[in-house]
Amino acid sequence: MKQQPASPHRSGFKLLRILILLLVLLVVALSTWQDRYRSTRWREPLYVAIYPIAADESPVTLRYVAALDAERFKPIDRFFMREAERYRLNAPEPVKTRLRSELHDRPPQRAPGAGVLATAWWSLRLRLWAWRASGHVNEPEDIRMFVLYHDPALTPQVPHSLGLTKGLIGVVYAFAAPEMSGENDVVIAHELLHTVGASDKYLPGTDAPRFPDGYGDPDQVPLYPQQFAEIMAGRKMLSAQRWRQAESLDEVLIGPATALEIRWR
């Protein structure tokens with residue numbers, strides 16, 4: 001049977017859909033490039049908005065989130081000031097955190113094992129969700145960090161946090177416990193650096209810091225134990241086979257490879 005040719009109307013509609021998709025991708029690419037350029041000039045502070053979210057209904061979590069104040073996140077500001085001085089950055093205050101009101105909605109989660117297309121779709125959904133959930137304040141928000149707090153008694157192990165250069169968005173899974181505030185700060189700073197172009201410095205599978213970029217000081221003699229952890233590794237090497245999570249930003253630094261990625265060098 002002879003196949004009927006596609007109607008001009010159907011072909012035109014298909015072409016229109018392709019053009020619209022290409023236009024959306026172009027807008028996203030231009031927006032990403034603009035965000036990348038603006039966020040790594042380091043001529044003025046990057047304003048980091050922190051949106052706390054109670055990830056469970058535990059009274060411990062609810063009390064912790066309700067008691068948060070802006071001072072709780074000042075160690076992050078001081079960490080970036082300290083490291084900026086060490087690298088002789090022209091911006092003495094590269095990061096300024098601002099605590100926002102608690103959110104009662106949670107960001108969309110990426111499905112385990114999601115492929116390229118599913119991940120791209122999830123990224124667009126996350127950016128749309130972030131725009132709806134925030135972005136309605138008069139003060140500038142260069143980077144938005146959504147911090148989901150968990151009761152450690154109910155959730156002793158949280159999912160991996162993430163930071164996206166596309167949209168300058170971070171999603172951090174943290175613990176609602178005062179004694180873990182320092183570790184939470186390390187994770188927030190780590191994901192914040194992801195948004196401005198820093199890459200992980202640990203080995204996939206083992207999470208061990210990668211030598212030399214993942215070591216606080218790869219030239220230290222003797223090499224172990226390391227005095228500091230590199231922020232994008234997040235773990236301090238105690239011996240060739242042992243490491244532990246950095247417990248506060250006092251134990252971490254920005255290494256040369258990370259400084260190069262975020263245009264501090």
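## A hairpin to start with

Let's begin where β4 and β5 meet: the two strands pair in the antiparallel sense over 3 bridges. Strands here are DSSP runs of E with at least two residues, helices are runs of H or I with at least four residues, and both are numbered from the N terminus. Two strands pair if DSSP finds at least two bridges between them. Across this pairing, Leu-164 stands opposite Ile-169 in β5. The hairpin of β4 and β5 has 4 residues between the strands, and Gly-167 takes a positive phi near 95 degrees in it.

A quick word on where this comes from: the model is predicted, local features need pLDDT of at least 70, side-chain atom pairs count only at pLDDT 80 or more, and totals for chains, interfaces and linings use all residues. Residues are numbered from 1 along each chain as its sequence is written, and side-chain values use heavy atoms, with hydrogens and water left out.

## The whole chain

Stepping back, the protein chain has 6 helices and 9 strands. It has 265 residues, and 44% of them count as buried. Buried means under 20% relative accessible area, exposed means over 50%, and partly exposed is in between, using a 1.4 Å probe and protein chains only.

The accessible surface of the protein chain comes to about 15,100 Å², with 58% of that belonging to carbon and sulfur atoms. Such areas come from the Shrake-Rupley method with a 1.4 Å probe, and for residues only the protein chains shown count as cover. As for contacts (heavy atoms within 4.5 Å), take those between residues at least 6 apart in sequence: 67% of them join residues at least 24 apart.

## Strand β5, covered on both faces

Why is β5 described as largely enclosed by the rest of the structure? Because 7 of the 7 residues of β5 are buried. On one side you'll find Ile-169, Val-171, Tyr-173 and Phe-175, and on the other Gly-170, Val-172 and Ala-174, all of them buried.

## A buried lysine

Lys-201 is found in the loop between α5 (181–195) and β6 (229–230). With 1% relative accessibility, Lys-201 counts as buried. Its side chain joins that of Thr-258 in a polar contact of 3.2 Å. A polar contact is a pair of N or O atoms within 3.5 Å; within protein, one must be able to donate a hydrogen and the other to accept it, and residues adjacent in sequence count only if both atoms are side-chain atoms.

Leaving aside residues up to four places away in sequence, Lys-201 touches a list of residues including Pro-209, Asp-213, Glu-230, Met-232, Thr-258 and Glu-261.

## Salt bridges

How many salt bridges does a search of the whole structure find? The search turns up 13. Each one is a side-chain nitrogen of Lys or Arg within 4 Å of a carboxyl oxygen of Asp or Glu. Glu-83 and Arg-82 form one of them, with their closest N and O atoms 3.1 Å apart. Glu-83 counts as buried at 2% relative accessibility, while Arg-82 is partly exposed at 32%.

Another joins Lys-96 to Glu-93, where the closest N and O atoms are 3.7 Å apart. Lys-96 is partly exposed at 26%, and Glu-93 is partly exposed at 34%. Then there's Glu-247 with Arg-244, the closest N and O atoms being 4.0 Å apart. Salt bridges that share partners link Lys-236, Arg-244, Glu-247 and Glu-251 into one network.
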